[in-house]
Amino acid sequence: MSYSTVMGESWKEQTLLNIVRLRYVDAPVFLDVSSVISSYTLEGQVDLRGNFAGGGAPNSQSLGGYGRYTDKPTISYTPLSGERFSKSLLQPIPPVAVFSMIQAGYPADFILRATVRGMNGRYNRATGVNLRPADAGFEQLAAAMRRIQQSQALGMRIERREGQDVTLLFFKGSAEPGLHRDIDTLMQLLDLEPPLDEINLTYGAVPRNRQELAVQTRSMLEILIEFADGIDVPAEHISSGRTYPGTLQRLSEVGDNTPLAAIHAGPQRPDQAYAEVRYKDTWYWIEDTDVRSKRAFSFMMMFFSLAETGTTPQMPVITVGAN
């Protein structure tokens with residue numbers, strides 16, 4: 001259990017550190033734990049001695065004990081590079097994985113803001129060199145999708161057609177007038193038309209017809225950059241040229257929304273933090289009492305699993321040898 005706890009904490013710290021590195025235009029470095037080998041030895045010994053002498057000589061007794069526990073862990077780390085790096089960080093997350101998370105109950109508005117570039121020509125905000133605000137319609141459709149999700153009116157199924165799996169979205173109508181308005185708004189913003197149970201989900205910028213939802217998803221690296229853009233970096237780091245103005249510094253310029261997660265920075269180590277790292281001369285952390293940011297950070301770490309494509313990677317092997 002101790003290994004599991006430490007590996008989980010180190011995963012959080014590594015992810016947060018790479019988010020900070022990206023904000024300072026530094027190259028991210030990821031290490032995977034490939035194996036954990038622990039060899040331990042437990043030894044014990046108890047001695048009881050007595051000496052009984054006659055002729056008036058004094059008797060003597062002695063009691064002794066000895067114990068030793070030795071634990072020798074060996075942890076192997078593998079740098080993420082080559083094909084695994086390109087698949088895990090550079091390839092877009094499959095749209096079906098994004099909507100599977102929405103179907104599982106994760107907030108649709110957050111999931112869409114974090115993982116989607118655009119849907120049927122309605123584009124999300126972009127950071128970095130392609131800086132642009134989100135389309136007004138994108139924020140509107142993300143909010144409508146969340147309300148539809150909360151009404152349990154969004155469905156998804158996978159069918160086998162012509163030897164391929166096809167993912168279909170559908171909306172289950174009800175007597176609620178507000179739900180009908182949200183579905184109508186969504187259909188209008190995405191330029192979709194009935195039937196509502198035959199909306200084909202695919203990856204792309206432009207739909208082939210009005211029964212298709214073409215989604216451009218982000219890669220894991222783009223998601224990390226989006227989180228990095230919202231770090232509340234010290235003002236002197238921007239003025240000195242160490243980093244660029246982010247979401248918090250551009251609010252009045254391009255009308256950005258709030259950051260995906262509140263990541264603070266300061267010269268002193270925080271007292272209580274959900275995750276904390278030190279980068280050069282500054283500490284960066286997420287408050288342990290900030291449930292919204294903790295949830296967003298946890299979702300982002302789950303996106304790493306969604307970004308895995310192709311062959312499932314070998315999970316870490318834990319070997320415990322006892323003597």
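**Exercise 1. A partly exposed glutamate and its partner**

Step 1. The cut-offs are under 20% relative accessible area for buried and over 50% for exposed, with partly exposed in between (1.4 Å probe, protein chains only).

Step 2. Before going on, keep in mind that this is a predicted model, where local features need pLDDT of at least 70 and side-chain atom pairs count only at pLDDT 80 or more, while totals for chains, interfaces and linings use all residues. Residues are numbered from 1 along each chain as its sequence is written, and side-chain values use heavy atoms, with hydrogens and water left out.

Step 3. Now for the partner: a salt bridge (a side-chain nitrogen of Lys or Arg within 4 Å of a carboxyl oxygen of Asp or Glu) joins Glu222 to Arg117, at 3.1 Å from N to O. Arg117 belongs to strand 3 (residues 116-119) and Glu222 to helix 7 (residues 220-229), so the pair ties together parts that are 105 residues apart in sequence. Helices (H or I, at least four residues) and strands (E, at least two) are DSSP runs, numbered from the N terminus.

Step 4. Arg117 is partly exposed too, with a relative accessible area of 31%.

**Exercise 2. Two further salt bridges**

How many salt bridges does the structure hold?

Step 1. There are 18 salt bridges in the structure.

Step 2. One of them joins Arg125 and Glu226, at 2.7 Å from N to O. Arg125 sits in the loop between strand 4 (122-123) and helix 5 (136-150), and Glu226 in helix 7, so this pair ties together parts that are 101 residues apart in sequence. Both Arg125 and Glu226 are buried.

Step 3. Another joins Arg157 and Glu198, at 3.4 Å from N to O. Arg157 comes from strand 5 (residues 154-161) and Glu198 from the loop between helix 6 (177-189) and strand 7 (199-203), so the parts tied together are 41 residues apart in sequence. Both ends count as partly exposed, Arg157 at 26% relative accessibility and Glu198 at 27%. Shared partners join Arg157, Glu159, Arg161 and Glu198 into one salt-bridge network.

**Exercise 3. The sheet**

In what order do the six strands of the open sheet lie?

Step 1. Read across, the order is 4-3-8-7-6-5, with mixed pairing. Strand 4 and strand 5 are at the edges with a single partner strand each, so one side of each has no neighbour in the sheet. Two strands pair if DSSP finds at least two bridges between them.

Step 2. Look at one pair: strand 6 (residues 164-171) and strand 7 run antiparallel and are joined by three bridges. Leu169 has Ile199, in strand 7, as its bridge partner.

**Exercise 4. Aromatic rings**

Sort out the ring pairs, then look for charges over rings.

Step 1. The structure holds five aromatic pairs (rings of Phe, Tyr and Trp, its six-membered ring, with centres within 6.5 Å; planes under 30 degrees apart are stacked, over 60 edge-to-face, the rest tilted). Tyr24 and Tyr279 make a tilted one, 5.5 Å centre to centre with 40° between the planes. Tyr24 is in the loop between helix 1 (2-23) and strand 1 (31-51), and Tyr279 is in strand 10 (residues 273-279), 255 residues apart. Tyr24, at 9% relative accessibility, is buried, and so is Tyr279, with a relative accessible area of 6%.

Step 2. Tyr274 and Phe297 have ring centres 6.0 Å apart and planes at 90°, so they are edge-to-face. This pair links strand 10, which holds Tyr274, to helix 10 (residues 291-307), which holds Phe297, 23 residues apart. Both Tyr274 and Phe297 are buried.

Step 3. Ring pairs also gather Tyr24, Tyr279 and Tyr284 into a cluster.

Step 4. For charges over rings, the test is NZ of Lys or CZ of Arg within 6 Å of the ring centre and within 35 degrees of the ring normal. Lys12 lies over the face of Tyr274, 3.9 Å from the ring centre. The charged end of Arg23 sits over the ring of Tyr244, 4.9 Å from its centre.

**Exercise 5. Confidence**

Step 1. The protein averages a pLDDT of 82, and 86% of the residues score at least 70; pLDDT is the predictor's confidence in each residue, from 0 to 100.

Step 2. Where pLDDT is low, the predicted coordinates should not be read in detail.
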